[in-house]
Amino acid sequence: MTERALIFGSVAQAYERFRPGYPAELAEKVLDYAGAPVADALEIGAGTGKMTRLFAGRGIAVTATDPDPAMLAELREHVPAEVVTRQGALEDLRPDRQYGLVYSASALHWTDPAGRWPRIAALLAPGGVFASFGGPVRLADPVVRKAIDEARAEFVESAGVPSPDGTPPENELQWPGTELERSGLFADVRQVVVQQRVTLSADDLIGLFSTVSAYLMLPISVREQAFQRIRKVLPDTVELVSDHTAHLARRR
């Protein structure tokens, strides 16, 4: 775990307020793929519980884990009381039990690549399902996107996180599907995309940026200067393309 991965707890309430939620279709895709009822699930990097709510709301017994106590505290404010919480990163979890589903939403890239897949496989029952959700959030209007890039260039080169295994964006199968296939521990690897469009006010977009690790790593005074520059080039409302790529696989 890097410093950048452990910085979100400092803005846990803003993370809950400004980060878009996940469409219900994502959970439906996973459960359709499973092909049988899923009784229990383990979540890696649960954050404030935006994905937790989708699975817990379908009667699945979810154990939500996160290395940051502030994120878990915020999560507990928004999920059913039946959700079990455990503080810890993937590397801290011990396979004292196995689950029908292990999943991670916008958090898997923060885990240690060394031993990532054996650790996950050990937490899954034979035939159990692994699911990962991710995808960049970008401005729909290329003119606005270019204006933001220019406004923040002095402060942040890129707000995104590159593919952990170097898979180029034009590749048909994206990470972590590429690693799942190479691991030899999983079968029937699939990649599906669920489209989502979100309209935000300019101020809410700045709120969203305030939860992005690239900005959080800046000194507070520099961060505020960057946000002031960006705010000046924004229209009153902006449309975000927030498509979600799900990677699904079954433990051999």
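Let's start with helix α4, residues 69-76, which lies across β2 (61-66) and β3 and runs at about 170° to β3. Helices here are DSSP runs of H or I with at least four residues, strands are E runs of at least two, and both are numbered from the N terminus. The angles run from 0 to 180 degrees between N-to-C directions, using axes fitted as lines to C-alpha atoms, for helices over the stretch in contact.

A word on the source: this is a predicted model, where local features need pLDDT of at least 70 and side-chain atom pairs count only at pLDDT 80 or more, while totals for chains, interfaces and linings use all residues. Residues are numbered from 1 along each chain as its sequence is written, and side-chain values use heavy atoms, with hydrogens and water left out.

## The seven-stranded sheet

β2 and β3 belong to an open sheet of seven strands with mixed pairing, in the order β3-β2-β1-β4-β5-β10-β7. Two strands pair if DSSP finds at least two bridges between them. At the edges stand β3 (84-87) and β7 (186-194); each has a single partner strand, so one side of each is left without a neighbour in the sheet. On average, neighbouring strands are turned by 20° against each other, direction ignored.

Look at β5 (residues 124-134) and β10 (residues 244-251): they run antiparallel and are joined by six bridges. Glycine 134, for one, has threonine 245 in β10 as its bridge partner. Helix α2 (residues 24-34) packs on this sheet, touching β4 (99-105), β5, β7 and β10, and its direction makes about 20° with that of β10. Contact here means heavy atoms within 4.5 Å.

Two bridges join β6 to β9, and arginine 138 stands opposite valine 241 in β9.

## Nonpolar cores

A nonpolar core is a set of buried Ala, Val, Leu, Ile, Met, Phe, Trp, Tyr and Cys residues joined through side-chain atoms within 4.5 Å. Buried means under 20% relative accessible area, exposed over 50%, and partly exposed in between, with a 1.4 Å probe and protein chains only. The largest core has 35 residues, and Ile148, Leu205, Phe209, Tyr215, Ile230 and Leu234 have the most contacts inside it. Helix α8 gives the most, with five residues.

Leucine 234 touches Val144, Ile148, Ala202, Leu205 and Ile206, leaving aside residues up to four places away in sequence. A second, separate core has 28 residues, including Phe55, Ala56, Leu75 and Val83.

## Aromatic rings

The structure holds eight aromatic pairs. Rings of Phe, Tyr and Trp (its six-membered ring) pair if their centres lie within 6.5 Å; planes under 30 degrees apart count as stacked, over 60 as edge-to-face and the rest as tilted. Tryptophan 117 and phenylalanine 186 have ring centres 6.0 Å apart and planes at 80°, so this pair is edge-to-face. Tryptophan 117 sits in helix α5 (residues 116-123) and phenylalanine 186 in strand β7, 69 residues apart.

Phenylalanine 186 also pairs with phenylalanine 130: the centres are 6.3 Å apart and the planes at 50°, so that pair is tilted.
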